[in-house]
Structure formats: structure tokens, C-alpha cells
Amino acid sequence: MEIIVADPCGFCYGVKRAVEIAEGAVHNLPAATLGPLIHNPQFTEELARKGVGCKNSLDEFAEGETVIFRSHGVGPDVYEAANVKKLKILDATCPNVKMSQNKAKRAFEEGYLPIIVGEKNHPEVKSILAFSGKNGIIIESKRDISEVPFAFKYCVIIQTTFELAKFEEILQALQAARPGEYRVERTICLATKERQNAAAKLAAQTDAFIIIGGRNSANTRHLTELVSAICPRCYQIETARELSPEMFQGCRKIGISAGASTPGRIIKEAVMAMENMEINKTEGNEFEAMLDASMEDYGVHPGKLVTGKIIQVDKEGVYISFGYRREGLIAWNDWAADADPDELMKTVQIGDEVEAVVVPGGTAAEDFIRLSKIRAEKEAAWKNVQELPEGEKRPATVKVLRVIKARNRDKDSDKPKQVVGLAVAVEGVEGFMPASHVELRHIDDFNPYVGKELEAEIIEVNPEKKRIVVSRRDLLKAEKAQKHQEWLANREARIAAAREARAAREEAAYEEIVEGETYEGKVVKVAEFGLFVEVIDGLVGLVHNTELSYDRNVKAEDVAKEGDMVKVFVKKVDKENRRVSLSIKATQEDPWVAAAAGFQVGDVVEGTVERFLPFGALVRLNDKVEGMIHVSEIAETRVEKPEDVLKIGQVVNPMIIKIDQAHKKIGLSLKREKENQEKAEMKAYMDGNPEENFSNNAMAEQLEGLNK
């Protein structure tokens with residue numbers, strides 16, 4: 001029997017550091033740990049014998065004593081309480097745990113919701129939570145995600161001894177259920193990861209596996225779950241006393257690993273005990289050993305295929321004679337799987353010939369040799385299973401027999417057992433389909449698969465270990481890829497058909513639309529630069545921002561929203577470039593035209609000087625209309641600058657001399673108004689004295705000008 005110890009295994013750096021700190025406290029008594037220093041009962045007892053006890057509360061410490069904080073860490077309130085009590089603190093917190101605590105504290109201070117993924121009752125997880133502020137939360141499985149409150153930012157921290165694959169699965173589900181900004185701290189201990197990888201690699205090469213460590217140790221438990229999925233014959237023990245030869249019957253290669261809290265001494269003891277079992281297996285019960293040896297000499301040994309006749313049937317099973325001095329016994333559970341013994345007894349006949357395999361479990365001291373008909377049938381079936389060249393695979397139709405779950409070594413644990421895969425019937429034998437190879441997505445409940453036939457591929461055949469592994473992953477990936485290609489092809493066909501239909505509608509619409517006409521259309525998009533309006537089915541035009549309103553400050557979102565109906569004027573139709581320019585402004589009355597409607601050329605109006613230009617003055621006539629007095633129209637004499645004559649805010653009464661509606665401009669004149677006023681005064685004077693003669697030539701010229 002070959003015994004192989006996984007490398008690395010046993011104490012990690014953090015545990016070694018904690019042990020050194022605790023053992024050093026022997027010279028600083030009285031001292032005690034607050035809770036077990038590490039999850040290993042044997043080491044805790046050994047430490048107590050050296051004088052360093054274990055206390056469960058700070059209340060048990062007297063002032064001035066030394067308290068050792070265990071490797072799993074404690075919360076900030078514990079540090080504060082120890083200082084208040086004036087205790088001497090030896091901090092054995094694992095550096096990786098300390099880092100996780102700091103990350104949780106920083107996440108809380110920066111506004112993140114801290115989420116610790118790990119075992120809720122584990123002291124390490126509790127210590128990290130204590131640094132996470134009042135909103136921190138622990139989730140142990142996907143079932144706990146519903147308890148996570150909604151937030152904008154999340155910080156996810158992993159327990160240092162948690163299984164990384166399980167963490168990634170929980171993280172994926174968490175991000176789907178609680179979208180937001182994520183900071184992910186993969187704080188799993190590197191030593192834990194290395195031990196898991198080494199154990200998993202070794203488990204694939206062994207017939208049985210031993211995991212050594214405390215049953216209250218999380219990393220040991222996770223290590224056992226991981227190995228059990230690969231090597232079902234896996235045992236978790238705390239000490240070598242739990243080992244027995246029956247564990248290794250029929251095994252040639254045994255693997256050993258240990259949790260990070262397991263002292264090297266305990267590992268060595270287990271290895272030595274197993275080696276002694278191999279060396280001394282002929283000692284102890286010498287009579288039994290001699291009979292076992294005679295069985296070997298005669299050719300009867302575990303795994304031997306024998307043929308015999310049925311000589312007796314009772315409630316225990318079927319007894320056969322196969323030419324050896326002791327008869328064989330095939331228990332009913334070795335005769336047929338999940339069968340009713342009462343029904344089977346009716347079908348078994350004395351004298352019938354049967355093939356069976358010698359199985360371990362019985363001893364030479366028993367009256368009968370243990371046999372198995374099921375094993376013989378499996379052995380026969382395996383002869384028909386073709387070997388599989390390395391790197392190749394072959395298709396197979398399999399039937400799901402049952403769901404396989406990982407062994408739970410902790411009998412008191414309420415945790416549900418993890419599904420590791422499915423047992424399937426394939427090519428006449430029982431095969432294994434890993435849970436991750438059943439579907440491409442995660443499966444919570446595998447029970448509906450039991451009894452179903454599935455198309456799969458055989459990816460591994462190991463005749464020596466009687467192991468055949470099947471998978472659906474590549475088939476499902478190929479099926480998914482094919483469906484995706486079909487979907488892409490259908491989508492392209494749909495897009496092409498829609499494009500052709502749209503082009504036909506657009507062509508018809510361009511024939512129908514009339515430039516210069518007004519239509520009612522539907523807003524299909526609001527853009528930064530304007531509105532896209534469907535004028536006719538299949539034809540969309542643009543109302544640019546400059547055509548939205550006479551008010552230049554109006555934006556597209558102020559005018560309409562998607563789905564609104566608006567009245568538009570077709571300014572231009574460009575069939576060649578497939579563009580239609582629209583205007584909403586053109587359908588509205590120009591505010592300036594309305595405000596200037598009461599003005600006529602020749603009218604004398606009242607206005608206020610608003611501002612000056614180099615060539616004139618702008619005069620506000622009303623809230624919508626302003627006019628301009630050119631410098632040449634301000635006075636009869638030459639004016640260099642309008643401000644030489646006028647003032648801002650001055651009320652004036654100019655005459656309207658020009659109205660340009662196209663450009664929204666009104667020309668004003670103070671000079672002409674003054675001239676007209678003078679003419680009117682002169683005319684009024686003359687009309688009042690028609691027969692009076694004037695001899696003054698200047699006066700005569702003025703009158704002549706008026707008569708003109």
C-alpha cells in the first residue's frame with residue numbers, strides 16, 4: 001500500500017505565527033487565549049498543559065493578565081474592552097484576516113455596503129463583520145442574497161478559508177440580483193488555495209484519501225468536501241486513533257492531506273499508524289491472518305470472480321457453494337440494487353448457477369465469504385466498455401440513476417449536502433456526470449433529471465478504477481452555437497426583409513409628399529439638434545432647432561417629446577439624398593409681424609433709445625419691435641456719432657420711413673419728422689393768412705417750398 005502526503009498540507013504561515021506567539025507566552029504567565037487559538041482540539045489541549053489556557057470571555061481575565069487574540073481575529077470592541085481592563089494583548093490574528101478586516105473597514109468608510117461571503121458562525125467572519133460598520137452583512141450561500149439590501153456600491157470580501165469556486169458562483173448570482181458598482185476583494189488565503197489544489201490533484205490518483213484536521217475547522221471541512229467529489233472513498237479524522245484497516249481494504253494508493261490548523265506531529269502520527277497497519281497486518285489475530293493467507297493461496301481474495309450454485313435462500317441473502325471450504329453469502333443489497341428481499345426470494349431457485357465477486361468487509365472468522373452479484377455484473381459489463389484514447393471522446397445516450405452528494409463528515413451540521421454530480425447508466429455500466437457538466441447554467445435542483453435519458457459524451461474511461469465520466473458541456477455548447485447561428489441567420493433575414501419593406505414605403509412616401517405643404521406628423525426621436533418627425537408612413541424628416549420656433553432659446557425637448565403629434569411645414573424635399581427638411585416655425589404666426597402690424601410708413605411713433613451702433617441708434621417701439629435711426633436721419637446738421645445728440649433711455653418721436661418685413665427691420669427718421677413738423681406749422685400759418693403779402697425773399701422761398 002503506497003501512502004502519499006499532499007504537498008503542501010498542514011500548518012499555514014498564519015497558524016505557525018499564531019502558534020509561535022502562544023508558545024512564547026509560556027514565559028509570560030498568567031496567559032490564556034480568547035477562544036481556541038486555532039481549530040484543533042489536540043493543540044488546544046497541548047497548549048493548556050504548557051500553562052496557556054483557553055477562556056471564552058474577557059470577564060474571565062484578571063487585570064494585568066495576558067490575553068492572546070486567536071488567529072481568526074476579534075472585533076474593535078474587543079480591543080477596546082481589553083485595554084479598559086488593562087490586559088496585556090498578544091495579537092495572533094492571521095495577517096490575511098487582518099487585511100480582510102482593514103478592507104471591510106475602508107469599504108464602509110468610503111460608502112460601500114460591505115458583504116462578507118463565508119460561514120455565518122465562523123469566528124473569522126464575525127471579526128471581519130465587526131469592522132464593517134453597522135450595515136455590513138454576511139452571506140453563506142445564494143439563498144442569503146435576498147437578505148442583502150439594495151445599494152449603489154457594494155464591497156464583497158471572502159472568508160480566507162472559503163472555497164473559491166463556490167465564492168465565484170455566489171458572486172455571480174449576487175451581481176445579477178443586486179446590480180451596482182462592485183469592489184471585489186478575493187481575500188482567500190493563498191495557502192488555503194494551494195492546499196486545495198494539491199489535494200484535488202492527488203485525489204485523482206488515489207483509491208482512498210484521508211483528511212486530517214479538527215471537525216470544527218472550516219478549511220478542513222472545505223478540503224474534505226473538495227476531495228470527496230473526486231475520490232468518494234474519503235475520510236476526515238482528527239487523530240490517528242480513528243484509522244482502521246477496513247478503511248483501506250482493496251486499496252493500493254492512499255492520499256493524505258491536512259487542514260491549515262493541523263500540527264505536523266499529528267500528520268506524522270497518522271502516516272506512521274498507516275505504515276504500521278501495512279507492516280503488522282499479519283499480527284494481532286494470527287488465526288484470522290492465517291486464514292486470510294490461505295484464501296490468497298487458494299486464489300480467493302477481494303475482487304476474485306467466482307462461479308457457484310445456490311444452496312440456500314433466507315432473509316439474509318443467497319448462499320452459494322463455489323468449491324471452497326466455506327460457502328459464500330450474497331446479501332440482498334449485493335444481489336440487486338434497491339430491490340425488495342421478499343420479492344427476490346420468490347425468483348431465486350436452489351441449484352441455479354450464479355457469478356459473484358469476493359468483496360472486502362468480511363473476515364476469515366466469519367462462517368461465510370462475502371460475495372456480490374452486482375459487482376460481478378458490473379465486472380462483466382466493464383469487459384464490453386471500450387477504452388478511450390487520451391484526448392478523445394465518444395457520444396453516448398445515458399440514463400440518470402440518482403443524484404450524488406458530497407459526504408458530510410460533520411454529523412451535527414445542518415448544512416445541506418452539496419451535489420457533486422449524477423450517477424448514470426452508460427454502455428452497460430454506471431458512470432459519473434459532474435454537476436458542472438450537466439448544464440451550461442447553474443442548477444439548484446438535480447432531482448428532475450433522475451430517470452431521464454440524456455445525450456452526452458464519454459470523456460474518460462479508466463478500467464482499473466472502474467470509472468467512466470460523461471459530459472454534456474461540449475454538446476450543449478455546440479447546440480447553443482448552432483442555435484445562435486440560426487438566430488443570427490434569421491435575424492439577418494428579418495432585418496433584410498424589414499429594410500426592403502422600409503425602402504418600399506419610403507419610395508412611395510417620397511412620391512406622395514409635396515414640398516410647401518403642411519402635414520401632421522409623429523415625433524419619433526428627440527435629438528440635441530432637433531426633432532425627427534414621421535410625416536408619412538415610412539418617411540422621416542428633420543425639424544432643425546432653428547425651425548422649431550421664432551424664439552431662438554427654445555430647444556427640441558421644450559417643443560415635443562417622443563410620440564407627440566406636431567404640425568410641420570415641408571420646406572424642402574431632396575429625393576436624391578433622401579432628406580426632408582421640415583419647419584414648425586413656418587406653421588406659426590411671426591410674433592414680429594404681429595407686433596409690427598399696426599405700423600405704416602409715414603407714421604410718427606413714440607420710442608425709447610435703447611442702444612447705439614456706430615452708424616445709428618436703435619429705438620424700442622414695443623416689446624417685440626425696434627427700429628433704427630441712421631446718423632444721417634438724426635438731425636439736419638451732420639452728426640458724427642448718435643450719442644452726440646441722443647441719450648440711452650431718451651423718449652423720441654421719429655417717423656417711420658421704411659418697413660422691411662422680410663428682414664424684420666424698420667427705418668426711422670427724426671430729421672424728416674422735424675421737417676414735416678415745420679412744414680405743417682408753416683402751412684397752418686399760411687392757411688390762417690392767405691392774402692397777406694411778404695416782401696422778404698427768404699420767407700417767399702420757404703412758402704414756395706411748402707407749395708411744392
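This is a predicted model: local features need pLDDT of at least 70, side-chain atom pairs count only at pLDDT 80 or more; totals for chains, interfaces and linings use all residues.
Tutor: Local features need pLDDT of at least 70 and side-chain atom pairs count only at pLDDT 80 or more, while totals for chains, interfaces and linings use all residues. Residues are numbered from 1 along each chain as its sequence is written, and side-chain values use heavy atoms, with hydrogens and water left out.

Student: What makes Glu119 and Arg221 a salt bridge?

Tutor: A salt bridge is a side-chain nitrogen of Lys or Arg within 4 Å of a carboxyl oxygen of Asp or Glu. For Glu119 and Arg221 the N to O distance is 2.4 Å, so the pair meets the definition. Glu119 lies in the loop between β6 (113-117) and α5 (123-130) and Arg221 in helix α8 (residues 218-228), 102 residues apart. Helices (H or I, at least four residues) and strands (E, at least two) are DSSP runs, numbered from the N terminus.

Student: Why is Lys142 called partly exposed?

Tutor: Buried means under 20% relative accessible area, exposed over 50%, and partly exposed in between (1.4 Å probe, protein chains only). Lys142 has 24%, so Lys142 is partly exposed. Its salt-bridge partner is Glu169, with the closest N and O atoms 3.7 Å apart. Glu169, at 34%, is also partly exposed.

Student: How do you know that Cys155 is too far from Cys94 for a bond?

Tutor: A disulfide is a pair of cysteine sulfur atoms within 2.5 Å. The closest cysteine sulfur to that of Cys155 is in Cys94, 18 Å away, and therefore too far for a bond. The structure holds zero disulfides.

Student: Is Cys155 buried or exposed?

Tutor: Cys155 has 0% relative accessibility, so Cys155 counts as buried.
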